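Visitor: I'm new to this structure. Could you take me through the salt bridges one by one and give me a close look at them?

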Amino acid sequence: MHLRIEHSTHYTYNQPVTLQDHRLLLTPRASQEVTPISSTIRCTPEASLSWTQDVFGNLIATASFSNPTTELTIVGTALVDQRAGQWPTFVIDPSAHTYPFAYSLDDVIDLGQLREPDWLDPGANEIGPWARNFVAGLNTDTLSLLKDLSAGVLADVAYRVRDEEGTQSPAETLHLKSGSCRDVAALFIEAVRHLGFGARAVSGYLFAPETNLGDEGATHAWAEVYLPSAGWITFDPTHNRVGGANLVPVAVARSNRQIMPVSGRFLGASTDFSSIAVSVRVVEATEV
């Protein structure tokens, strides 16, 4: 399936401001399930783009601007081949079929902080006991445990659209019993890390063909858990789904705050900022 993506971000200012560099994470990430075919980033006013990769291998564009402006529009477009099946199977190493299991020494070293809970998070000591409630017994099927935990997040936390910047702490999400997709994903990631799994945050796009025509997609946040032999397995607790069907990853990281699609500053007073509008469209491409 070929998907065409358009992600537009429009800022307005009350008077001309000087734009500092903007960090753009808008280019789909290649995987065994997604192949980027083409991608572009356009800025108005015109920007000079420089490209690099971060420590996670994400492709980052840095936009540099020359002249003061009262408006800024950033449009990322992409065409991808999305091949993920609706009912994936995972070849997990026999040593990891049941939980608890031990990662190899190399995996422990390489996963590093992706296995470590955020102990600095207020209320972090509540997440471990909550997560351990999903462990059925001494020898629990690993994949079933992760699926149960993903479903358990959705059972305890209601999805809601949240326009505020940033991600709620996992404990806050549990207390409020509601959160955005990035809040729900962050809670799942923190919970599985408390159980000893390696996990990472993913940002990207969701193709939702069941929604209204012309509104088939959105930015989205989900999680991946590392299991020996199977590799990184996608978990989308917001929709209680396993596998990458209808998902287009753009970036992965230890936490959501590292993979914001657009981030940048301007020189001026806080009152100079007027508004921001974001629109995303993900549609099936009939012609390539």
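Guide: Let's start with Arg-23, which has 28% relative accessibility and so counts as partly exposed, since that value falls between 20% and 50%. Bear in mind as we go that this is a predicted model. Arg-23 pairs with Asp-54 in a salt bridge, and their closest N and O atoms sit 3.9 Å apart. Arg-23 belongs to strand β1 (residues 2–24) while Asp-54 is in the loop between β3 (48–53) and β4 (59–64), so this pair ties together parts that are 31 residues apart in sequence.

Take Arg-83 and Asp-81, whose side chains meet at 3.3 Å, N to O. Here Arg-83 is partly exposed, at 40% relative accessibility, whereas Asp-81 counts as buried, at 18%.

Then there's Arg-200 with Glu-224, where the closest N and O atoms are 2.7 Å apart. That pair links distant parts of the chain: Arg-200 is in strand β10 (residues 198–207) and Glu-224 in strand β11, 24 residues apart. Arg-200 is buried, and Glu-224 is buried as well.

Glu-224 also takes us to a pocket. The second largest pocket holds about 390 Å³ of space. It is lined by 25 residues, and Glu-224 is among the closest to its centre, along with Gln-32, Glu-33, Trp-232 and Thr-234. The lining splits into twelve nonpolar, nine polar and four charged residues. β12 gives the most, with four residues.

Definitions and conventions. Residues are numbered from 1 along each chain as its sequence is written. This is a predicted model: local features need pLDDT of at least 70, side-chain atom pairs count only at pLDDT 80 or more; totals for chains, interfaces and linings use all residues. Side-chain values use heavy atoms; hydrogens and water are left out. On a 1 Å grid over the protein atoms alone, a cavity is a set of points where a 1.4 Å probe fits but cannot get out, and a pocket is an open set with protein on both sides within 12 Å along at least five of seven lines; lining residues have an atom within 4 Å of a point. Grid points are joined across faces, edges and corners, and a volume is the space filled by probe spheres set on the points. Helices (H or I, at least four residues) and strands (E, at least two) are DSSP runs, numbered from the N terminus. Ala, Val, Leu, Ile, Met, Phe, Trp, Tyr, Cys and Pro count as nonpolar, Asp, Glu, Lys and Arg as charged, and the others, Gly among them, as polar. A salt bridge is a side-chain nitrogen of Lys or Arg within 4 Å of a carboxyl oxygen of Asp or Glu. Buried means under 20% relative accessible area, exposed over 50%, partly exposed in between (1.4 Å probe, protein chains only).
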